[in-house]
Amino acid sequence: IERTFSILKPDATRRNLTGAVNALIEAAGLRIVAQKRVLLSRAQAETFYAVHKARPFFGELVESMIAGPIVVQVLEGEDAIKKYREVLGATDPSKAAEGTVRKQFALSVGENSAHGSDSPENAAIEIAQFFSGNEIV
Ligand code: ATP
């Protein structure tokens, strides 16, 4: 059993898609073991995406992450990290497979509706940024 960290991004919450994305998460056999809706500060968004600081789209990325509330989640299941990235589909929605979150809901590479951790190390770091142990049940 593995845990991964998920964000439903502002473009998704704005269009009232929390439930629709959660339905795809649960249909894939992942359990939502923690969830809350928060508004990121600019500093939090910059810290979360610090790995992309040097990229040309960093400013746009930070702006899009603070444009409205996000839903942060911890997902649990067999092979959760890989499975959730399959549920999400390719970063660029025009390349995402049929039935994936990004194929169905993403507006663009920037507004691509959701985030999922890419490794066990990053999952642990990202979960710890938003949840304490007793909030994950
Ligand atoms: P995430 O980390 O959000 O799950 P990812 O791992 O699929 O996405 P990364 O390459 O790590 O993709 O990019 C992080 C985020 O930065 C993407 O989800 C996307 O919103 C944004 N991004 C990536 N490339 C671009 C781009 N060329 N223009 C605008 N935004 C981009």
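Contact here means heavy atoms within 4.5 Å. The model is a predicted one, in which local features need pLDDT of at least 70 and side-chain atom pairs count only at pLDDT 80 or more, while totals for chains, interfaces and linings use all residues. Residues are numbered from 1 along each chain as its sequence is written, and side-chain values use heavy atoms, with hydrogens and water left out.

View 1. Leaving aside neighbours within four places in sequence, F131 is in contact with F5, A34, Q35, K36, V72, Q73, V74 and I136. A nonpolar core is a set of buried Ala, Val, Leu, Ile, Met, Phe, Trp, Tyr and Cys residues joined through side-chain atoms within 4.5 Å; buried means under 20% relative accessible area, with a 1.4 Å probe and protein chains only. The largest such core has 19 residues, and F5 and F131 have the most contacts inside it. Two or more of its residues come from each of β1, β2 (31-38), α3, α4, β3 and α7. Helices (H or I, at least four residues) and strands (E, at least two) are DSSP runs, numbered from the N terminus. The largest share of this core, 4 residues, belongs to α4. Another core, of 15 residues, lies apart from it and includes A12, L75, A80 and L88.

**View 2. The buried side of helix α5 (residues 80-88).** The buried residues of this helix are A80, I81, Y84, V87 and L88. They lie on the same side of α5, because they cover an arc of only 125° around the axis, the arc being that of the directions from the helix axis to the C-beta atoms. These buried residues pack against β1 (2-8), α2 (18-27), β3 (70-77), α6 (101-105), β4 and α7. After α5 comes G89, with a positive phi near 85°.

**View 3. The largest pocket.** A pocket is an open set of points on a 1 Å grid over the protein atoms alone, with protein on both sides within 12 Å along at least five of seven lines; lining residues have an atom within 4 Å of a point. Grid points are joined across faces, edges and corners, and a volume is the space filled by probe spheres set on the points. The volume of the largest pocket is about 620 Å³. Its lining has 25 residues, with Y49, H52, L61, T91 and H115 nearest the centre. Elements giving two or more residues to this lining are α3 (42-48), α4 (58-65), β4 (114-116) and α7 (120-130). Of these, α7 gives the most, with 4 residues.

Conventions
1 Å grid on protein atoms, 1.4 Å probe; cavity = no way out; pocket = protein on both sides within 12 Å on 5 of 7 lines; lining within 4 Å. Buried < 20%, exposed > 50% of the residue type's maximum accessible area, 1.4 Å probe, protein only.
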